[in-house]
Amino acid sequence: LTLASRLRERGARMYGAYWCSHCFDQKEALGKEAFAELDYVECARDGFGSQTSLCRSRGVPGFPTWEISGKLFPGEKSVDELARLLDDEEYARQREYTPKAGGAE
């Protein structure tokens, strides 16, 4: 299976913003066809098809942020990093985003 297919099977989505250069680079790294297979959530309030409330409710810490199997992984990821997040549970556990104590509830 292609990486995009594997990500889709795991319910992966990428949260981003149209103005985010790292989001643009992430899309480029995956390739246009592969990225088209994935769920993209626009978080910028003025972005096309904005889903700001979803981004807020999921606690997206920045852009891009990947959600894979219900867990958040902020930051731009290489193709190899994304594959490793799918294949290596310990690697994924160490990189999963967890909000800092004392944050808004």
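## Around Thr52

Let's start with a polar contact: a polar atom in the side chain of Thr52 sits 3.1 Å from the backbone oxygen of Cys43. A polar contact here is a pair of N or O atoms within 3.5 Å; within protein, one must be able to donate a hydrogen and the other to accept it, and residues adjacent in sequence count only if both atoms are side-chain atoms. The model is a predicted one, in which local features need pLDDT of at least 70 and side-chain atom pairs count only at pLDDT 80 or more, while totals for chains, interfaces and linings use all residues. Residues are numbered from 1 along each chain as its sequence is written, and side-chain values use heavy atoms, with hydrogens and water left out.

Thr52 belongs to helix H4, which covers residues 52-58; helices (H or I, at least four residues) and strands (E, at least two) are DSSP runs, numbered from the N terminus. Its relative accessibility is 15%, so Thr52 counts as buried. In these terms buried is under 20% relative accessible area, exposed is over 50%, and partly exposed is in between (1.4 Å probe, protein chains only). Leaving aside residues up to four places away in sequence, Thr52 touches Glu42, Cys43, Ala44 and Arg45, where contact means heavy atoms within 4.5 Å.

## The disulfide

The structure holds one disulfide, meaning a pair of cysteine sulfur atoms within 2.5 Å. The partners are Cys43 and Cys55, with their sulfur atoms 1.9 Å apart. Because Cys43 is in the loop between strand S2 (39-42) and H4 while Cys55 is in helix H4, the pair ties together parts that are 12 residues apart in sequence. The torsion about the S-S bond of Cys43 and Cys55 is about -85 degrees, so this disulfide is left-handed.

Both Cys43 and Cys55 are buried. Two further cysteines are buried as well: Cys20 has a relative accessible area of 6%, and Cys23 has a relative accessibility of 1%.

## Helix H2

Cys23 brings us to helix H2 (residues 21-30), whose buried residues are Cys23, Gln26 and Leu30. Seen down the axis of H2, these buried residues fall within an arc of 55 degrees, so they line one face of the helix. The arc is that of the directions from the helix axis to the C-beta atoms. As background, an α-helix has 3.6 residues a turn, so residues three or four places apart point the same way.

On the other side of H2, Phe24 and Glu28 are exposed. And what covers the buried residues? The cover for H2 includes helix H1 (3-9), strand S1 (13-16), helix H3 (32-36), strand S3 (65-68) and helix H5 (79-87). Just after H2 comes Gly31, with a positive phi of about 95 degrees.

## Helix H5

## Salt bridges

How many salt bridges does a search of the whole structure find? There are six, each being a side-chain nitrogen of Lys or Arg within 4 Å of a carboxyl oxygen of Asp or Glu. Asp87 pairs with Arg6, and their closest N and O atoms are 2.2 Å apart. Asp87 is exposed at 54% relative accessibility, whereas Arg6 is partly exposed at 24%.

Arg84 forms a salt bridge with Asp88, the closest N and O atoms being 3.4 Å apart. Both ends are partly exposed: Arg84 at 42% relative accessibility and Asp88 at 25%. In helix H6 (residues 89-95), Arg93 and Glu90 are three residues apart, so about one helical turn separates them. Their side chains meet in a salt bridge of 3.0 Å, N to O. Arg93 is exposed with a relative accessible area of 52%, and Glu90 is partly exposed at 40%. Elsewhere, salt bridges that share partners join Arg13, Arg58 and Glu67 into one network.
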